Amino acid sequence: MASLARRTVCLEDYCPDSATRKEATEHEDSWYIQPKYSLGVAMGLTAILGIVIVLQFAKNIATSKRARRLGAIPGLRRIAALFRATGYHRMCIFSFELPSTFAVLLLFFLFIWTTAWSFAIKPYYRPGMEWGSPPLGLRSGYMAQAMIPFVFALGSRVNPISLLTGIAHERLQVYHQYGARIILFLSFVHTLPFLVGPYRQGGARYVKAYWYSSDHNWNGAASLAALVWIVFSSFAKFRKMNYEFFVFQHIVSFLVFLVFMFLHCNVSIPDALYYLYVSVGALAWSFFGRILIMLWANEFRFSRATVEALPAGMTRLTIETPLRWTAGQHVYLRLPTINPLQSHPFTVASLPSLNLHSHSNTLVLLARTRSGITRRLASGGLKSGAPILIDGPYGGLPRPMESYDTVLLVAGGAGATFVVGVLLQLVRAMEEGAGSCREVKLVWAVKDEDCIAWFAPTFERLSQLASFSNVSITVHATGHGAGAESSVEADADKSAELDDVSPALDTLEARDNASKPLYRIESGRPDVPALLREAASTAPGTRLGIAVCGPPSLNFDATNAAAALELDLARGALPGKSDVWLHAESFAW
């Protein structure tokens with residue numbers, strides 16, 4: 001960014017004194033009142049946060065068991081369905097998939113608001129640089145400054161915004177990423193007047209003289225360069241190249257950005273520094289919060305992992321831990337013997353013990369071999385019994401799936417690690433007579449049938465439970481070698497020999513379901529929109545819950561199909577259904 005400094009650079013023979021400049025610019029967006037723009041943006045963002053907190057609180061009350069009767073209020077369900085439709089619907093522009101329509105509208109409002117406020121006020125420039133910094137550059141710079149603490153907080157897995165709203169950190173990543181892009185845009189709007197201003201006054205010679213006149217200009221340029229790198233290196237293609245390297249360079253980059261911003265904003269009016277202090281506070285909250293969570297989860301000692309190679313490039317880690325979690329949550333593992341400075345996210349594919357006071361729960365994680373830590377895991381870089389530290393759990397389902405009459409689970413590839421955890425929770429609830437779930441349908445798309453071995457022990461174990469009669473599992477083999485449709489029967493003898501992915505189910509009473517197929521195998525990709533429409537029209541009960549986890553294309557189809565169902569529900573064109581709810585989990589953030 002360019003200079004916010006109080007010092008005025010004179011490029012002409014005449015240089016007005018401070019009192020003269022202050023009097024001349026008093027009614028023309030004076031330098032002295034510029035902090036009002038950062039305060040206005042900060043107050044606006046705080047107001048938005050307050051509205052979200054109230055809406056989240058109201059939503060939690062409305063979805064509680066005691067308050068479901070409020071759904072009978074005329075029009076309330078239809079209004080709720082419209083809001084959910086905007087939260088599910090997504091657009092695609094030239095093969096680029098945008099976030100949800102709700103997120104796009106909110107971010108577009110923020111962009112238009114700050115941009116219009118920057119350009120709506122005149123003047124943009126002073127008569128000369130000796131009369132002070134360009135007001136357009138100052139306004140936009142202060143607005144960008146006010147957004148920095150919010151963007152920093154939104155990017156942390158432990159942050160005050162998640163604490164206040166109850167929204168998991170991975171759901172806030174879209175606002176962190178696009179918020180940084182808005183800051184980058186405002187930073188360019190802030191910088192360009194400090195190039196155009198002196199150029200208008202005396203050409204390239206004046207530009208060079210002005211920029212070499214103060215260290216604040218170069219500190220700002222360095223922070224702008226760091227911000228450009230932060231934004232462009234955060235695009236999905238770069239992140240996917242090597243997740244661990246992305247995290248490392250991202251941390252280094254924003255620390256460089258922060259240091260130069262402190263140097264750049266060290267001016268006579270200290271308001272800009274206040275927002276940097278809050279940003280440092282958000283980082284400290286995240287850093288020390290993660291340390292406390294990690295120490296608490298591990299009971300101030302290392303856990304030990306058992307490592308097992310599975311077919312189709314999957315590795316299973318089994319950890320005995322006092323930690324408790326819920327279906328669909330994820331943890332970060334820190335592996336001192338591989339890379340003690342970094343951690344990697346893994347979705348939990350098991351359930352904790354039924355005994356709430358148990359200090360021995362079996363945490364099962366499945367890691368798909370890609371790059372970095374997962375590649376080293378697959379190549380034997382982590383030996384069984386190696387020390388690890390668990391950070392978490394985080395995320396999970398904001399609503400209990402067992403409260404829905406029918407649940408549809410859709411997964412693609414390694415996304416099954418998420419939905420199988422949900423399946424285990426639903427079966428456990430049905431065995432215990434808890435909740436209202438009466439039917440569960442799991443649809444899993446895999447490249448080839450070898451992937452089924454990842455969860456074959458789980459399916460075999462589930463088949464012995466009485467509630468499995470309410471569960472249907474369909475596996476779609478999408479690879480070239482996929483065979484014809486077939487059904488696979490349960491094998492009780494084989495089940496006894498296999499290592500179950502969720503030992504917590506062992507406490508449930510086994511029954512005979514010999515007449516029911518274990519799962520069906522079909523060739524070709526599943527028609528996800530058709531699956532959702534069929535579930536909404538034929539599934540028993542009035543409430544339908546959907547959980548999806550897979551590659552971006554699968555999630556995109558599912559969220560848009562769910563949005564269409566919500567619109568039908570709002571129009572009254574979905575007879576027999578009072579509530580449709582979708583939770584979409586992504587492979588990466």
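Which strands does helix α12 (residues 271–297) lie across? I opened the notebook with that one. The model I am reading is predicted.

**Entry 1: helices on the sheet**

I followed α12 and found that it lies across β4 (314–321), β5 and β8. Its direction is at about 115° to β8. Then I looked up α11. Helix α11 lies across β5 and β6. I noted an angle of about 120° between α11 and β6.

**Entry 2: the sheet itself**

I wrote down the strand order next. The sheet is open and has six strands, β6-β5-β8-β3-β4-β7. Its pairing is antiparallel. I marked β6 (339–347) and β7 (361–368) as the edge strands, since each pairs on one side only. On average, neighbouring strands are turned by 35° against each other, direction ignored. A reminder to myself: strands of a sheet pair through backbone hydrogen bonds, either parallel or antiparallel.

**Entry 3: strand pairs, one by one**

I started with β5 (residues 329–335) and β8 (residues 386–395). Five bridges pair them in the antiparallel sense. Gln329 stands opposite Gly395 in β8.

I moved on to β3 (residues 303–310). β3 pairs with β8 over three bridges, again in the antiparallel sense. Ala305 has Ala386 of β8 as its bridge partner.

On to β4. How many bridges join β3 to β4? I found six, and the two strands run antiparallel. Thr306 is bridged to Thr318 in β4. These two strands form a hairpin, with three residues between them. In that turn, Ala312 has a positive phi of about 60°.

I kept the general rule in view: most residues other than glycine have a negative phi, and most peptide bonds are trans. I then listed departures. Glu299 is not a glycine, yet its phi is positive, about 50°. I located Glu299 in the loop between α12 and β3.

Which peptide bond ending at Pro123 is cis? The one from Lys122, with omega near 5°. Pro123 sits in the loop between α4 and α5 (135–154). The bond from Gly392 to Pro393 is cis too, with omega near 5°. Pro393 lies in strand β8.

**Entry 4: α9 against α11**

I turned to helix packing. The axes of α9 (residues 215–232) and α11 (residues 243–264) come within 8 Å. They cross at roughly 155°. That angle makes α9 roughly antiparallel to α11, as angles over 145 degrees count that way. The crossing is left-handed. From α9, the contact includes His216, Asn219, Trp229 and Ile230. From α11, the residues in contact include Phe254, Phe257, Phe260 and Met261. I checked the classes: 11 nonpolar, eight polar and no charged.

**Entry 5: α4 against α7**

Parallel or antiparallel: how does α4 run relative to α7? I looked up the angle, about 15°, with the axes 11 Å apart. That makes α4 roughly parallel to α7, because angles under 35 degrees count as roughly parallel. α4 passes α7 in a right-handed crossing. On the α4 side, the contact includes Phe102, Leu106, Leu110 and Phe119. On the α7 side, I noted Tyr175, Tyr178, Ile182 and Phe185 among the residues in contact. This contact divides into 14 nonpolar, four polar and no charged residues.

**Entry 6: α7 against α8**

I stayed with α7 (residues 173–191) and looked up its approach to α8 (residues 193–211). Their axes come within 10 Å and cross at roughly 65°. Phe188, Val189, His190 and Thr191 of α7 meet Pro193, Phe194, Leu195 and Trp211 of α8. By class I have six nonpolar, two polar and no charged residues.

**Entry 7: aromatic pairs**

I recorded 20 aromatic pairs, with ring centres within 6.5 Å as the cut-off. I picked out Tyr37 and Trp117. Their pair is edge-to-face, 5.2 Å centre to centre, with 65° between the planes. The pair links distant parts of the chain, 80 residues apart. Tyr37 is in helix α2 (residues 35–62) and Trp117 is in helix α4 (residues 101–120).

Key. Residues are numbered from 1 along each chain as its sequence is written. This is a predicted model: local features need pLDDT of at least 70, side-chain atom pairs count only at pLDDT 80 or more; totals for chains, interfaces and linings use all residues. Side-chain values use heavy atoms; hydrogens and water are left out. Axes are lines fitted to C-alpha atoms, for helices over the stretch in contact, and angles run from 0 to 180 degrees between N-to-C directions. Helices (H or I, at least four residues) and strands (E, at least two) are DSSP runs, numbered from the N terminus. Angles under 35 degrees count as roughly parallel, over 145 as roughly antiparallel, 65 to 115 as roughly perpendicular and the rest as oblique. A crossing is left-handed if the near helix is turned anticlockwise from the far one by less than a right angle, and right-handed if clockwise. Contact means heavy atoms within 4.5 Å. Ala, Val, Leu, Ile, Met, Phe, Trp, Tyr, Cys and Pro count as nonpolar, Asp, Glu, Lys and Arg as charged, and the others, Gly among them, as polar. Two strands pair if DSSP finds at least two bridges between them. Rings of Phe, Tyr and Trp (its six-membered ring) pair if their centres lie within 6.5 Å; planes under 30 degrees apart count as stacked, over 60 as edge-to-face and the rest as tilted.
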